[in-house]
Amino acid sequence: MFTFIIRRFLQMIPILILISILAFLLLRLSGPDPAEYMIMSNPRIKPEDILREKQRLGLVDASGKPVPLFIQYFYWAKGILQGEWGWSRIWPNVTAFQAIMLFLPNSLILMGLALLIAILVAVPIGIYSALKQYSAFDYIFTTGTFLGMSLPTFWLALMSIIVFHLLPARLFGAPWFPAGDLASFGKPYAGVWWDRLWHLALPVMVLSIYSMAGWTRYMRSSMLEVIRADYVRTARAKGVPERRVIYKHALRNALIPMVTILTLSIPGLFGGALITETVFAYPGVGRMLYQAVLGKDYAVAMADILFLALLTVLFNLMADVLYAVVDPRIRYN
Amino acid sequence: MKKFIVASVAAIMLLTLAFVPNVGAAQLSDIAGNPFEKQITKLVENGVIAGFPDGTFKPDQEVTRAQFAKLVAVAFALPTTGVTVSTFSDVYADHWALGFIEAAVAKGWIKGYPDGTFGPEKNITREEMATLMVRVLGREQEGTKYTEAFVMANDCAKVSDWAFGAVTLAYHFDIQVLTYHSGRMIDPQTPATRAETANAVYMGMKPPAQGGQLIVGMAQEPSKMYPYQNNMAAKSQILNCTLDGWIGVAPEGTGVTQKGVYYPIFAQEVPSVENGLVKFNEDGSMDMTWHLRKTPVYWSDGVQVTLDDSIFSHEVLLNNAIPADSRDPEDVVTLIEKLDENTLHVVYSSEKSAALYGPAFSLAKHKYGDLVASNPEGFFRSDVNQYPLGHGAYKIESWTVGSSMTLTARDDYHFGPPNLKAIVWLFIPDASTIYARVASGDLDLTIPGIGVATTTAIDNLNSVDGVVYEIHPSTYVEHMEFNILNYDRVSHPIFSDANVRKALSFAVNREQASTELYKGYEPPAYSMIPPAVAVCFATKEEIGLDLIPTYDPAKAAALLDQAGWMLASDGWRYKDGKKLEFQLSTTNRTDRQQMCAIWQKNFADIGVQCNLDFKPGASFFTDTWAGMKRGYPDMVEFAWGSTDPRYPVTDVLRGDRVAFPESPQGQNYAGWQNADYDKQAQIIQDSFDVAKAKEAAIKSQQILLTDMPVIPLLFTADAALYKVAIQGIKDPNWSSITWNVGEWYWEY
Amino acid sequence: MALDTAVELAPSFSYWQMVWTRFRKHKLAMFGGSVIIVMILLCFVAAPIITATTGYHYTSMDLPNRYALPSGAHWFGTDDMGRDVLTMIFYGGQVSIEVGLISALAAVLIGALVGVMSGYFGGWVDEALMRFTDVMMSLPYLPLYLVLAMAFGPGFWTLIGIFVGFGWMGDARLVRGVVLSLKNMEFVEAAKAIGASPWRIMLKHLLINSMAVIIVSTTLLIGGNIVGEAALSFLGLGIQPPQPSWGNVLQTASGYIFAPGNGPWLIFYPGFFLFLTVLSFNFMGDGLRDALDPRLKGYR
């Protein structure tokens, strides 16, 4: 088990290096370099200031000759390893690392809540659907999951703004839910916990629906698989009461694959969060990445991508490990 | 019984009196559009003041001292009956205003002249009115510390010694009984008019409320607050609240007739050739003398602002280790010296009109001096980027990066405590979300240009109750730029011919775009200098009507024929077998797409195929320069603008602003070079003489329209939306709406 | 189990007949299939007809008639440029469906090839290909989409490249699984024995037998890629106007929530068509899975 984890850990490294090279090259090739950006935003800049800035950024050497791209990459990678993540271009006075730390808590709150709600809804519905297979309940909810999975996140987000913000505002004079932001401003209750929750309502709803639909289906099929398994039949045959069969034997085993599915879907949730945060103007890492990419904030964009890649790889690893831990049938060597 | 009748009659009379002015207020024929219309109306409604029997108010009529005494006595309900003894030798016992005057005397509001007279039939001057009103407000004592009129006006020196305190206080944000006359003048000895007295009394009865906060929505977030780098509209909006300077620019008038007036803030007076503070030397250099006011001003940490701070700021700006957007005009300063504690002498190597704003003055030496000296890089990364120490009406309290910034009022502010105690800036990247927040009442104000889109404001004009939709001209000119000579110095196969460029300028139907898309708020442009740049704006006639591009497809077609592009049977034009076809690139802003659809059709009408290419704003503007290297093949459409009523965007088209591989800076995307134009642009940029600058502006536009490297399309407009209860907003066409933020207050 | 395998091993006319019979019984799948056919007809056939008869096109603007509410002339009203919303949606659907189809087919093709090779050859080929697949699967997609779209310039082929580049891994794994289970079967051994080349065996026998898996995942992938296109275009990094796609039409529409008249509805219509199409592909995928692979019936 331990060697398995170590091995998987070592396998992460080439993946991360690959991603970092990819991200670095793509961002550098995708337009002007940071110094050129400075020139554009400030046409009256002096040539000597440009040179100084380029030297500071390691784009040209002391004699003014351009530094090859792969050497730039090594400098950059060295900086990352030493904890110098570079300064953000569009956020004030923060390094890329600080920028991530600034926005990450907001994202974690949003995603955590969405995750929680999705699980709380998906697991019971999935189980019940499986137990009552072919019932009206099963039929309705199975079809419902299709609807949920097919709803484009951004459309759902926009429609929820129209339905819960705009229409009530027009019809009743006040919106039911805010259309974005972290919290109210200028109200006595600004920033208290329920104000935060109130602002989170729409984004969390939108973000949770997609996961919810997928997980309901997984839970249902996982449960179906288990209740047909031999040991469940055996338990039933032995005369174990049905409730006990379901909760003691079936449920536990059906939840095992769910653990993996949940773990694996967390990095994907960042993708969903990117769109949700963008539409709702919610200051999280997803929207930060979008703004950084559009604003050519290389340091932040690259740090963010690396961070998400690391997260993805870690969660993959965690899924494997968890699976090994919770499922005694799996052996690793 | 008799008593009853008398009482009844009196009651009826009182009722009638109370009622009649009400009718009168609605009928006053000559106050519409008066700056004090609201105040006059309110006073008339309340029976404090009445119109004339002929239904007029005569707002510009002068007011005698006796009349003003009556106005004050009535307004503040002083007991005026039973007075028989006069304090003053020239007010006789039978004077009609005796009761009113004596009532005010009893209150200590009227003191008369030192010789014991009152001069009831003399007109009351503005400084006298200010004195009286400050006494009414019980604030006279506060004024005793002033040894000059400490007012952001151009004629402080004219104020009488005895009125220093009163006039200063009269302009304090929480009093505002005096307003500025044209030219940012106090005109202290000018008689007050009926309208002005009405305003003063109204303000005395209902002084600006101290308190409350303002929530502002803005699409941009500053990347840093350090004053000399990464300058952008969002930052200057906030810096206007937190920083003062030597002088400021106030808007005067509205719409296309709005003009900018310079006024002193820290300076004693605005330097000019006339007042001798600007001198041109024989060697071409320029001397400027700056007087700091005698009244001390303070940084927000309580330390006094001195000339050393200005010299220090100047040095930081020239420090090569510290990045700066522009070191102009500080880099041509050959001498900067302190003559005494209040006098600064600066020598520039050549005439520089930008020096009018004075040497740099935004960094506090006591706070940053040691750091800059020991560790410039450390200074550049210090909290000067987030919380720079300022000397303005507000200070930055907190900044939650990515969402909001809160400013708090400085109650120790040298021009009096600002009324709004906090200003919260919300950074909302999406313009339609900003409008949503206005509609739901979350936002009190949106910033023009970087707030609600002009088209959104036009489409929804006045649809939210209690919100003012102010759409005014901006300094930006929407235009097309041809890529005449590209980054690699290759001439454009089609557009290097000026006739083709001119043909296209006659082909576009600006009127249609103006009326159909902007309901006339953005008028057709005929030069690159819009009316909002008031100083240099040139009318059609001044430029020459024959040069003005108008919609004339026949003329466009003729010019193309002349250039050898002939109409073929398929409806398109060809020359040497090559089709007249090009790409027009611009941002994907909705109204730009709409506009381009019109141009595309206009071009097709004369047999020219125009392919449209829309990019998201951020990538469009990076690719314009980059993509790289002025990367768009044929032509682009966007808008240029300045933040000053003085400088049109003429310098970007100078020949030395073309980016080529060896000199990549500069925003002359057209690659157009014209020595004559450069000369005119230089004069506009540097000349102190406004008349000379304007003359050069006209010439520059004549050159531009003759050669047509850019096609002017529309003079754009900006929209500021704010709650009607906010008082004091005067939005300049060219710059920050927050320029006078201290004067703003809530009045419901 | 043995019986099912036999059926699968010898796809015959009767097999496809059975599939069709089963598919027909799946009401949702039938609904999905019909919607898809109608949608394709509307976008690719009706759109040009509308243009020919009414002159409505995504380039034909009528600015004074902006934000008009639905009427006989414009069933869904007009948009910010006075264009007919229905026409915009049909033309937008063309691009969206094209991107979905092309990228899904290409991704499945690559995935199937990788899977077949990996499963058939085994050994280091399998190890290398599967390792690479793992790496690709552990990438954070959306952030990379953003960066790629910026790097290569947003556009039709960039989108397709992105969706193909990140879309083939699922199929590779699925097909490899099928191939592994088949490669020691008698018919493969027999083919080897009569001297069939490895490529012939892979393409003719193994790939054909993976068809069920491939068809189902292609169907689901098309739906997924249509949403992907819309999402990227919505972020401004996909199809660029004036060429409409459901995503960029929605992006522009999100700016008119507050426009008068038809404003808010401009968000509803294209999104609804997008939703309906994706839903139909999901329904059809589900129906196809049940129909092609009866073992799974009842499991999903």
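This is a predicted model: local features need pLDDT of at least 70, side-chain atom pairs count only at pLDDT 80 or more; totals for chains, interfaces and linings use all residues.

Author: Chain A contains 12 helices and zero strands. Along the principal axes, the C-alpha atoms of chain A fill a box of roughly 85 × 65 × 35 Å. Of the 333 residues in chain A, 45% are buried. Among contacts in chain A between residues at least 6 apart in sequence, 66% join residues at least 24 apart.

Chain A also touches chain C. To this contact chain A gives 42 residues and chain C gives 32 residues. On the side of chain C, the elements that give two or more residues are helix H6 (141-152), helix H11 (211-234), helix H12 (246-254) and helix H13 (265-292) of chain C. By class, the residues on that side of chain C are 27 nonpolar, four polar and one charged.

Two of these helices also pack against each other. Two packed helices are described by the angle between their axes and the distance between the axes. For H11(C) and H12(C) the angle is about 35° and the axes are 7 Å apart. The crossing in which H11(C) passes H12(C) is right-handed. From H11(C) come Glu229(C), Ala230(C), Ala231(C), Leu232(C), Ser233(C) and Phe234(C), which meet Trp246(C), Gly247(C), Asn248(C), Leu250(C) and Gln251(C) of H12(C). The residues of this contact comprise six nonpolar, four polar and one charged.

A further pair in chain C is formed by helix H5 (residues 123-137) and helix H8 (residues 169-182), which pack at an angle of about 140° with their axes 9 Å apart. The crossing of H5(C) and H8(C) is left-handed. Here Thr133(C), Met136(C) and Met137(C) of H5(C) meet Met169(C), Ala172(C) and Arg173(C) of H8(C). Four nonpolar residues, one polar and one charged make up the contact of H5(C) with H8(C).

Chain B includes strands. Three of them, in the order S13-S14-S15, form an open sheet with antiparallel pairing. Strand S13 (566-567) and strand S15 (578-579) of chain B each have a single partner strand and stand at the edges, so one side of each is left without a neighbour in the sheet. S13(B) is joined by two bridges to strand S14 (residues 573-575) of chain B, and the two run antiparallel. Within this pairing, Met566(B) has Tyr574(B) in S14(B) as its bridge partner.

Another pairing in chain B is parallel: seven bridges join strand S16 (residues 581-587) to strand S17 (residues 609-615). Opposite Phe582(B) stands Cys610(B) in S17(B). Together with helix H18 (residues 590-605) of chain B, S16(B) and S17(B) make a right-handed β-α-β unit.

Chain B has helices as well, and one of them is helix H4 (residues 98-107). In H4(B), the residues Leu98(B), Phe100(B), Ile101(B), Glu102(B), Ala103(B) and Ala104(B) are buried. Helix H3 (65-75) of chain B is included in what covers these buried residues. After H4(B) comes Gly108(B), whose phi is positive, near 85°.

Conventions. Residues are numbered from 1 along each chain as its sequence is written. Chains are lettered from A and ligands numbered from 1 in the order in which they are written. Two strands pair if DSSP finds at least two bridges between them. Helices (H or I, at least four residues) and strands (E, at least two) are DSSP runs, numbered from the N terminus. Two residues are in contact if their C-beta atoms, placed from the backbone, lie within 7 Å. Ala, Val, Leu, Ile, Met, Phe, Trp, Tyr, Cys and Pro count as nonpolar, Asp, Glu, Lys and Arg as charged, and the others, Gly among them, as polar. A crossover is right-handed if, with the strands pointing away from the viewer, the path from the first strand over the helix to the second runs clockwise. Axes are lines fitted to C-alpha atoms, for helices over the stretch in contact, and angles run from 0 to 180 degrees between N-to-C directions. A crossing is left-handed if the near helix is turned anticlockwise from the far one by less than a right angle, and right-handed if clockwise. A residue is buried if 20 or more other C-beta atoms lie within 10 Å of its own, exposed if 12 or fewer, and partly exposed in between; C-beta atoms are placed from the backbone.
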